[in-house]
Amino acid sequence: MDKNNTPKLQDAMKAYLEGNYETAYNLFLELAWDNNGRAMYFLGMFFDNPNSLFGKIEGVNVVKLSREVSGAWYKLGASRGDPLATLVYVRNEIIEKRTSIHKFNDCFEAVRTMAIEGDVFAIMEMYYTYRDASNYENKFANHLKKDNKEEFKWLRKAAESGSPEGMVKLGTCYDGGYYAYGVVNDFKEAIRWYQKAAELNNSRAMYYLGILYSNGRGVQQDHNEAFKWYMKSAELGDVESMLKLGYVYENGLGVVKNYGDAFRWYMKASGTGHGRGVEGLAKVERLLVNHLNATPQIFNFFNVLKRMK
């Protein structure tokens, strides 16, 4: 039995898949300090994806720490022999031309075996590996070629196996069509996958549901329903949902027009550390100009803030 596969690790992975991210994060952190390589892999995931999914965890500004911290956790997990951490670490090393094909082949086959046996996280890593295969082919891992069918096969398998990220990504394939995969536009199928992920507390799925209800794609247009999903997503820290809330309050879409609330959500987006947050400052400028006859001095203030982001 894998020494890393402890009951506490199982609890942490279950919490993660059920959308209890703060619980999962804290358990992974405890396990990592006990030298659990798999927990280190998950901590790498938390910081590798500066996604609002994790942005609300107390004491963790994922966006600002981001890639350097994630790389450190993957490297630590790899040094403890975890196959998933090793694959991610080696993929990054291949891009930087610092590793060999043999090292890649070994960890790729180990993770592929795990995926075939049904490990949902290994399945998702197989998807990521095939998705980014153009970064590896003809360099070190020249046996691995870009293969859209293989990529989509693993993505669908990840979604069907319970991966919230897989569900969202599969939903986006149907949301507008993804012809490289042979997937045609099917908004109802997109909604089905978004709703599954939203039930698991995935903020991106909630954001996409808000977009579909706002635009009336696959459902009857309903600004009230869109507002509900944007609010749920923003409360989990999703910056794009914060920007949407600012917009709907500014324009009275599904809510009573309220410039104060529009200002609040635009400013909240600007303070997330996310690259899109700068848009919040631009929208605040417009809000002040259009509704309070703001002066040029205020423009200068916000330009300084933008340069500080």
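Predicted model: local features only at pLDDT ≥ 70, side-chain atom pairs only at ≥ 80, totals over all residues.
Residues are numbered from 1 along each chain as its sequence is written, and side-chain values use heavy atoms, with hydrogens and water left out.

Let me start with the whole protein. It contains 16 helices and zero strands, where helices (H or I, at least four residues) and strands (E, at least two) are DSSP runs numbered from the N terminus. Of its 309 residues, 49% count as buried, and by buried I mean under 20% relative accessible area, with exposed being over 50% and partly exposed in between, using a 1.4 Å probe and protein chains only. The accessible surface comes to about 14,800 Å², and 50% of that belongs to carbon and sulfur atoms; these areas come from the Shrake-Rupley method with a 1.4 Å probe, and for residues only the protein chains shown count as cover. If we take contacts (heavy atoms within 4.5 Å) with a separation of 6 or more, residues 24 or more positions apart account for 52% of them.

Next, the inside of the protein. The structure holds one cavity of 30 Å³ or more, and the largest cavity has a volume of about 70 Å³. A cavity here is a set of points, on a 1 Å grid over the protein atoms alone, where a 1.4 Å probe fits but cannot get out, and lining residues have an atom within 4 Å of a point. Grid points are joined across faces, edges and corners, and the volume is the space filled by probe spheres set on the points. Which helix gives the most to the lining of the largest cavity? That is helix 7, with five residues, and helix 1 (7-17), helix 3 (37-48) and helix 7 (120-131) each supply at least two. Among the lining residues are Tyr16, Leu17, Tyr41, Val120 and Ser163.

Two of those names, Leu17 and Val120, come back when we look at glycine 162, which touches Leu17, Val120, Met167 and Leu200, not counting residues up to four places away in sequence. Glycine 162 sits in the loop between helix 8 (148-160) and helix 9 (164-174), and its C-alpha is 9.1 Å from that of lysine 196, although the two are 34 residues apart in sequence.

Helix 8 also holds glutamate 150, which counts as buried because its relative accessible area is 18%. The side chain of glutamate 150 makes a polar contact with the side chain of lysine 153, at 3.0 Å; such a contact is a pair of N or O atoms within 3.5 Å, where within protein one must be able to donate a hydrogen and the other to accept it, and residues adjacent in sequence count only if both atoms are side-chain atoms.

Finally, two asparagines in loops. Asparagine 35, between helix 2 (21-32) and helix 3, has a positive phi of about 70° although it is not a glycine, and with a relative accessible area of 42% it is partly exposed. Asparagine 201, between helix 10 (187-198) and helix 11 (203-215), likewise has a positive phi of about 70°, and it is partly exposed, at 28%.

Conventions
1 Å grid on protein atoms, 1.4 Å probe; cavity = no way out; pocket = protein on both sides within 12 Å on 5 of 7 lines; lining within 4 Å.
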